[in-house]
Amino acid sequence: MSETVLETRGIVRDYHLSGGLFGQGRTIHAVKDVSLKVEKGKTLAIVGESGCGKSTLARIITMIDAPTAGELFIDGEKVDITANRLSAEMRRKVQIVFQNPYGSLNPRQKIGDVLMDPLVINSDVPASERRDRAMAMLTKVGLQPEHFNRYPHMFSGGQRQRIAIARALMLNPRLLVLDEPVSALDLSVQAQVLNLLADLQDEFGLTYVFISHDLSVVRYIADDVMVMYFGEAVEYGTRDKVFSDPQHEYTRTLFAATPRADVESIRKRLERRAA
Amino acid sequence: MTDTSATHAKMQDPSRRARLAEFWYYFSENRGAVIGLAVFVLLVILALAAPLIAPHAANAQYRDAILVPPYWQEGGRAAYLLGTDAVGRDMLSRLLFGARYSLFIGVVVTLLALTSGILIGTVAGYFRGWADTAITRVMDIILAFPSLLLALVLVAVLGPGLTNAMIAIALVQQPHYVRLTRAAVMAEKNRDYVTAARVAGAGNLRLMFRTILPNCTAPLIVQAALSFSTAILDAAALGFLGMGAQPPTPEWGTMLAEAREFILRAWWVVTFPGLAILITVLAINLMGDGLRDALDPKLKRS
């Protein structure tokens, strides 16, 4: 019944560093043999410390960079961007939302143009319909129509992230890669954006790959969880399985490092301090 | 309901006029820029109207009025408001006609250097690799030459004259634009919004010229304004060396060069062309500053 939107098999990505004139070149393995599978309408969360290869994996899934080895399937179709040019149809299917909302919007583009650009490039929708669709998307992500002609610098971080989400959704993608979409926002705004993402997922039947280092966020939004450590997927399973019964040493360390804010644990901590 | 449709109509594509009004609002915040613009516009008008308002022809020589001082000085005549030069030509008329040459040189040289520099620099910064290496090396070689010497060599090869001088100066100035553009493109290229545009399906040309380049304009505008003046000065220097505009062309630089032996005897023959150059350069620089303020949304207050 359920269809697989994204599947990777043994993705590897190496970076070669030339050592300069006299030094020796090195190879860095950013992603080692990662295989995963996401079904339609589900959310896969990828967790790990910074530098563990999460974002590299995101760029490979988004078809920005090519993997050194391994296979990538979108909607059951094999993708290889080094061999042949990506079709517009394929491009449309996967979109990305970046971590930093201050760098992901062109400072010289009005919001309306930001939203209409994907349509201009990929379709021959007439200008009036483009405008209507951009307007509709703007209200859908919780902004006002009068924001249409403003520049990005007039918005707050949360609003910018909403705009980035709206832009990603303009092409009706199948898969949305969210590269730490809330970690640059403050807590109350984080919750708003996460709720928005959940609503949009229900409405459009979207599939998410959610990259994060924040376990409480992951627990809230994910169906499946993958834990990455130095480029390797050390733990992969459903959310409940991973959270209740972590197998790998690193996952346990990660969970232990999460601060607990429930009343019970605070009381315990205070008792321990009093004793 | 009517209310929403009214706001919607107002939201429609802002007309050219509205955008111009916005531009003017930010430009006029900077008082120096407005003064610069006013002086520059005045210069352009004077240059265009030179045949109508100049009291004498630019090259008419009056044998009875050699080295006449400005009219407010002793021995000055009302017919020659700013005096005459060593062969009896009216300074004011020559300055007015000279404005045409100087502005023309500045515009042509800057446009030539700017367009070629932006094209080459964008290609170098965007594609990197061997193309970048080759381009930067060539530009480094050009920059390593003393600029005037290189221009001189180029004019010597091409043959003396105003057109060849302008081509030579443009060639000498163009590495500055290449470097600026390349550096700016390289900095912008790895920003997330460029990646986002790529993910949205934008091709290389669109990314280079629609997405990245508009974000690199601020330093280019300032450089263009600065090199406008350098172009005028270089052209004058070439004229001085007999390689640029040929006498009796009333080009300000050539006028300066012709008058250098009278510096002590007749101050007006050197002072007025020099002042003309100074005022033009200053006005253009001020204007360039204001342009940058107005064109860069990052500097705007919302």
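Predicted model: local features only at pLDDT ≥ 70, side-chain atom pairs only at ≥ 80, totals over all residues.
**Chain B as a whole**

Chain B is built from 13 helices and zero strands. Read from the N terminus, its elements run α-α-α-α-α-α-α-α-α-α-α-α-α. Along the principal axes, the C-alpha atoms of chain B fill a box of roughly 80 × 60 × 25 Å. Of the 302 residues in chain B, 40% are buried. If you count the contacts in chain B with a separation of 6 or more, 69% of them join residues 24 or more positions apart.

| Helix pair | Crossing angle | Axis separation | Handedness |
|---|---|---|---|
| Helix 3 and helix 5 of chain B | about 115° | 8 Å | left-handed |
| Helix 5 and helix 6 of chain A | roughly 15° | within 10 Å | right-handed |

In the chain B pair, helix 3 covers residues 31–48. Its angle with helix 5 of chain B is about 115°, which makes helix 3 of chain B roughly perpendicular to helix 5 of chain B. To find the contact on screen, select B:L43, B:V44, B:L46 and B:A47 in helix 3 of chain B, which meet B:L96, B:A99, B:R100 and B:L103 in helix 5 of chain B. By class, the residues of this contact are seven nonpolar, no polar and one charged.

In chain A, helix 5 spans residues 157–169 and helix 6 spans residues 187–204. Their axes cross at roughly 15°, which makes helix 5 of chain A roughly parallel to helix 6 of chain A. From helix 5 of chain A, the residues A:G157, A:G158, A:Q161, A:R162 and A:L169 meet A:V189, A:Q192, A:V193, A:L196 and A:L200 in helix 6 of chain A. This contact holds five nonpolar, four polar and one charged residues.

**The nonpolar core**

In soluble globular proteins, nonpolar side chains tend to be buried together. Here, the largest nonpolar core has 142 residues. Which residues have the most contacts inside this core? They are A:V209, B:I169 and B:A235. Helix 5 of chain B, residues 91–127, gives the core its largest share, 15 residues. Leaving out residues up to four places away in sequence, B:I169 touches B:V109, B:A151, B:A231, B:D234 and B:A235.

A:I11 sits in strand 1 of chain A, residues 4–17. Is A:I11 buried or exposed? A:I11 is buried, because 23 other C-beta atoms lie within 10 Å and the cut-off for a buried residue is 20 or more. Setting aside neighbours within four places in sequence, A:I11 is in contact with A:V31, A:V34, A:L57, A:I60, A:P67, A:G70 and A:L72. A:I266 lies 255 residues from A:I11 along the chain, and their C-alpha atoms are separated by 42 Å.

**Where the chains meet**

Finally, the interface: 26 residues of chain A are in contact with 20 residues of chain B. On the chain A side, the elements that give two or more residues are helix 2 (88–93), strand 6 (94–97) and helix 3 (111–122). Helix 3 of chain A provides the largest share, four residues. By class, the chain A side that touches chain B has 12 nonpolar, nine polar and five charged residues.

Note on methods: Residues numbered from 1 in each chain as written. Chains lettered and ligands numbered in written order. Contact = placed C-beta atoms within 7 Å. Nonpolar A, V, L, I, M, F, W, Y, C, P; charged D, E, K, R; others polar. Core = buried A, V, L, I, M, F, W, Y, C linked by C-beta atoms within 7 Å. Buried ≥ 20, exposed ≤ 12 C-beta atoms within 10 Å, placed from the backbone. Axes fitted to C-alpha atoms, helices over the stretch in contact; angles between N-to-C directions. Parallel < 35°, antiparallel > 145°, perpendicular 65-115°, else oblique. Left-handed = near helix turned anticlockwise from the far one by under 90°.
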